[in-house]
Amino acid sequence: MAAAVQANLSRPFETLILGSRRLVHPWRSARIRCSAAASPRRSYSITLLPGDGIGPEVVSVAKDVLSLVGSLQGIEFRFREVPVGGAALDSTGVPLPDETLAAAKESDAVLLGAIGGYKWDANEKHLKPETGLLQLRAGLGVFANLRPATVLPQLVDSSTLKKEVAEGVDIMVVRELTGGIYFGKPRGFGSNDRGEDIGFNTEVYSASEIDRIARVAFEVARKRHGKLCSVDKANVLEASMLWRKRVNGLASEFPDVELSHMYVDNAAMQLIRNPKQFDTIVTNNIFGDILSDEASMLTGSIGMLPSASIGDLGPGLFEPIHGSAPDIAGQDKANPLATVLSAAMLLRYGLGEEEAAKRIEAAVINTLNRGFRTGDIFSGGTTLVGCKQMGEEVLRSVEAGKQVAALH
Ligand code: IPM
Ligand code: MG
């Protein structure tokens, strides 16, 4: 009976990422095979970037969960903690020290907490914590950012939308992460011909940048429910016109995927009006930034949502979608589940350790089923806990999952 419950409870997270089938990453498989084949007792190096605000609290929980699951699965993790963001600014004077990028590149996967805080808000651009994060993404070449937004039955009441609108929502936003207006040149400050100050940026995409993110998105959609909606602003922007043309050009390679296009303003509206119409969304860097925050709110709390950023080669970067929440930092109030679930994505997408990933996801569901909630997802009749206790409960659920598995 307990085993049946466990099996059922782990399902939402399988569908969270992939629908019912597992995603095979053609662009990652070589690396995964190498590390898995090296020794029967697998060993991986993980770079931990706790960062700022609540980052250290949530990363510490995820680290403990990874260690426990690793010990149950015969996997050894070697952790190395290095500074990024405001923490790095304070200790080294730059938001992404060379040593941090080097450590990240050398490892098998990178787990990041969050960056930023009031203290550094007024810094010049090259000394902002956010600049460190962008440099890290670019340095690792992680162009594909997978951001799932799934409404869990346990948390449907946390959504601000009506239950019938929110229930069953299961969306994957595939955001382009290393191009577009975030990185485009020219950019800067100057003055116009009237001598007035101006600030300017460039939204630019090359055909190959569009093709590679679109291919990832088609693959993801194919392994989920076979629907891909490409979001752009092709009625106004040239970069979007090329985007739409290239995405259309790839469609014939994926005849099993139903492709549609939507302008970003309409997509923002449709996400609230009828989110269940979406399966997989692919979009550029800035629209993806905005729409993934919007999609996350359908689920009730941004504190629950993980993300994976993956490139062609090298380690992936795994981080919760939420920010550093300086208002609650150090108060043991943060929800660590988004980071714990990011660790599960790290295992699945970064290391190919599917079983270990499922173990974590099942433990999170089990913890929610036992009624534990941090403040952001609290509702009447549940038990309010802090970040640390939530972590302890997840560890307990991992242990309980082990016993359930042993019964079988
Ligand atoms: C995100 C964040 C970042 C972004 C910031 C912190 C630079 O909002 O990961 O969504 O804009 O990409
Ligand atoms: Mg954002």
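This is a predicted model: local features need pLDDT of at least 70, side-chain atom pairs count only at pLDDT 80 or more; totals for chains, interfaces and linings use all residues.
**Around ligand 1**

Let's start with the ligand.

| Residue | Atom in ligand 1 | Distance |
|---|---|---|
| Arg147 | oxygen | 2.8 Å |
| Arg175 | oxygen | 2.8 Å |
| Asp289 | oxygen | 2.8 Å |

On its own, ligand 1 has 320 Å² of accessible area, and the protein covers 77% of this.

**Aromatic pairs**

Now for the rings: the structure contains 4 aromatic pairs. One of them joins Phe77 and Phe79 in a tilted arrangement, with 5.9 Å from centre to centre and 35° between the planes. Phe77 is buried, because its relative accessible area of 13% falls under 20%. Phe79, at 24%, is partly exposed. Another pair, Phe218 with Phe254, is stacked, with centres 4.5 Å apart and planes at 5°. Where in the chain do Phe218 and Phe254 sit? Phe218 belongs to helix α9 (residues 207-223), while Phe254 is in the loop between α10 (238-250) and β9 (258-263). The two are 36 residues apart, and their pair links distant parts of the chain. Both Phe218 and Phe254 are buried.

Phe77 and Phe79 also belong to a cluster with Tyr44, held together by ring pairs.

Technical notes:
Residues are numbered from 1 along each chain as its sequence is written. Chains are lettered from A and ligands numbered from 1 in the order in which they are written. Side-chain values use heavy atoms; hydrogens and water are left out. A polar contact is a pair of N or O atoms within 3.5 Å; within protein, one must be able to donate a hydrogen and the other to accept it, and residues adjacent in sequence count only if both atoms are side-chain atoms. Accessible areas come from the Shrake-Rupley method with a 1.4 Å probe; for residues, only the protein chains shown count as cover. Rings of Phe, Tyr and Trp (its six-membered ring) pair if their centres lie within 6.5 Å; planes under 30 degrees apart count as stacked, over 60 as edge-to-face and the rest as tilted. Buried means under 20% relative accessible area, exposed over 50%, partly exposed in between (1.4 Å probe, protein chains only). Helices (H or I, at least four residues) and strands (E, at least two) are DSSP runs, numbered from the N terminus.
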